[in-house]
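Hi,

Here is the structure I promised to pass on. My notes follow below it.

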Amino acid sequence: HTRLQYVTGVRRVLFRSVVSSLEEADRCVQECTEEQYAQMVANAQYTAYLISNGYFIKKLFIAAIMALG
(Lines give C-alpha, C1' and ligand atoms only; values in the text may rest on other atoms or scores of the structure.)
Protein backbone atom coordinates (compact mmCIF):
# COMPACT_ATOMS: atom_id res chain seq x y z
CA HIS A 1 0.00 0.00 0.00
CA THR A 2 1.07 3.53 -0.63
CA ARG A 3 1.15 6.29 1.98
CA LEU A 4 -1.82 7.92 0.21
CA GLN A 5 -3.91 4.76 0.60
CA TYR A 6 -3.10 4.62 4.30
CA VAL A 7 -3.85 8.32 4.72
CA THR A 8 -7.25 7.77 3.14
CA GLY A 9 -7.91 4.87 5.52
CA VAL A 10 -6.68 6.86 8.49
CA ARG A 11 -9.00 9.72 7.55
CA ARG A 12 -11.98 7.43 7.47
CA VAL A 13 -11.24 5.52 10.65
CA LEU A 14 -9.44 7.87 13.00
CA PHE A 15 -10.14 11.45 12.04
CA ARG A 16 -13.90 11.35 11.66
CA SER A 17 -14.48 12.44 15.24
CA VAL A 18 -11.07 13.98 15.97
CA VAL A 19 -10.86 16.71 13.33
CA SER A 20 -13.55 18.85 11.79
CA SER A 21 -12.53 18.62 8.12
CA LEU A 22 -10.45 16.65 5.66
CA GLU A 23 -8.20 19.67 5.30
CA GLU A 24 -7.46 19.54 9.01
CA ALA A 25 -6.87 15.78 8.74
CA ASP A 26 -4.42 16.38 5.87
CA ARG A 27 -2.58 18.95 7.97
CA CYS A 28 -2.38 16.54 10.92
CA VAL A 29 -0.97 13.78 8.72
CA GLN A 30 1.52 16.10 7.03
CA GLU A 31 2.76 17.42 10.38
CA CYS A 32 3.01 14.11 12.24
CA THR A 33 6.26 12.28 12.82
CA GLU A 34 7.03 8.94 11.18
CA GLU A 35 6.39 7.25 14.53
CA GLN A 36 3.01 8.94 14.94
CA TYR A 37 2.11 8.06 11.36
CA ALA A 38 3.10 4.42 11.90
CA GLN A 39 0.90 4.32 15.02
CA MET A 40 -2.04 5.79 13.09
CA VAL A 41 -1.59 3.16 10.38
CA ALA A 42 -1.42 0.37 12.97
CA ASN A 43 -4.58 1.72 14.65
CA ALA A 44 -6.39 1.90 11.32
CA GLN A 45 -5.36 -1.65 10.42
CA TYR A 46 -6.47 -2.97 13.81
CA THR A 47 -9.80 -1.17 13.56
CA ALA A 48 -10.30 -2.56 10.05
CA TYR A 49 -9.58 -6.05 11.40
CA LEU A 50 -12.17 -5.61 14.16
CA ILE A 51 -14.77 -4.35 11.72
CA SER A 52 -14.15 -7.09 9.15
CA ASN A 53 -14.46 -9.76 11.84
CA GLY A 54 -17.75 -8.40 13.18
CA TYR A 55 -16.43 -7.31 16.56
CA PHE A 56 -18.62 -4.22 16.84
CA ILE A 57 -21.76 -5.99 15.56
CA LYS A 58 -21.22 -8.78 18.09
CA LYS A 59 -20.86 -6.23 20.89
CA LEU A 60 -24.05 -4.54 19.74
CA PHE A 61 -26.00 -7.82 19.73
CA ILE A 62 -24.71 -8.78 23.16
CA ALA A 63 -25.62 -5.36 24.57
CA ALA A 64 -29.10 -5.62 23.01
CA ILE A 65 -29.68 -9.09 24.45
CA MET A 66 -28.47 -7.95 27.87
CA ALA A 67 -30.77 -4.92 27.74
CA LEU A 68 -33.76 -7.12 26.90
CA GLY A 69 -32.86 -9.69 29.56
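There is one salt bridge in the structure, a term I use for a Lys or Arg side-chain nitrogen within 4 Å of a carboxyl oxygen of Asp or Glu. The side chains involved are those of glutamate 31 and arginine 27, at 3.4 Å, N to O. Both residues sit in helix H2 (residues 22-31), four residues apart, about one turn of the helix. Glutamate 31 is exposed at 56% relative accessible area, while arginine 27 is partly exposed at 40%. (Buried is under 20% relative accessible area, exposed is over 50%, and partly exposed is in between, with a 1.4 Å probe and protein chains only.)

Before you go further: this is a predicted model, where local features need pLDDT of at least 70 and side-chain atom pairs count only at pLDDT 80 or more, while totals for chains, interfaces and linings use all residues. Residues are numbered from 1 along each chain as its sequence is written, and side-chain values use heavy atoms, with hydrogens and water left out.

As for the fold, the chain has four helices and zero strands, so elements here are DSSP runs numbered from the N terminus: helices are H or I of at least four residues, strands E of at least two. Buried residues account for 22% of the 69 residues in the chain. Taking contacts (heavy atoms within 4.5 Å) between residues at least 6 apart in sequence, 53% join residues at least 24 apart.

The largest nonpolar core has five residues: Val29, Cys32, Tyr37, Met40 and Val41. A core here is a set of buried Ala, Val, Leu, Ile, Met, Phe, Trp, Tyr and Cys residues joined through side-chain atoms within 4.5 Å. Helix H3 (residues 34-52) gives the most to this core, three residues.

Phenylalanine 61 lies in helix H4 (residues 55-68) and counts as exposed at 52% relative accessibility.

Which aromatic rings pair up? There is one aromatic pair: tyrosine 55 and phenylalanine 56, with ring centres 5.1 Å apart and planes at 80°, so edge-to-face. (Rings of Phe, Tyr and Trp, its six-membered ring, pair with centres within 6.5 Å; planes under 30 degrees apart are stacked, over 60 edge-to-face, the rest tilted.)

Cheers
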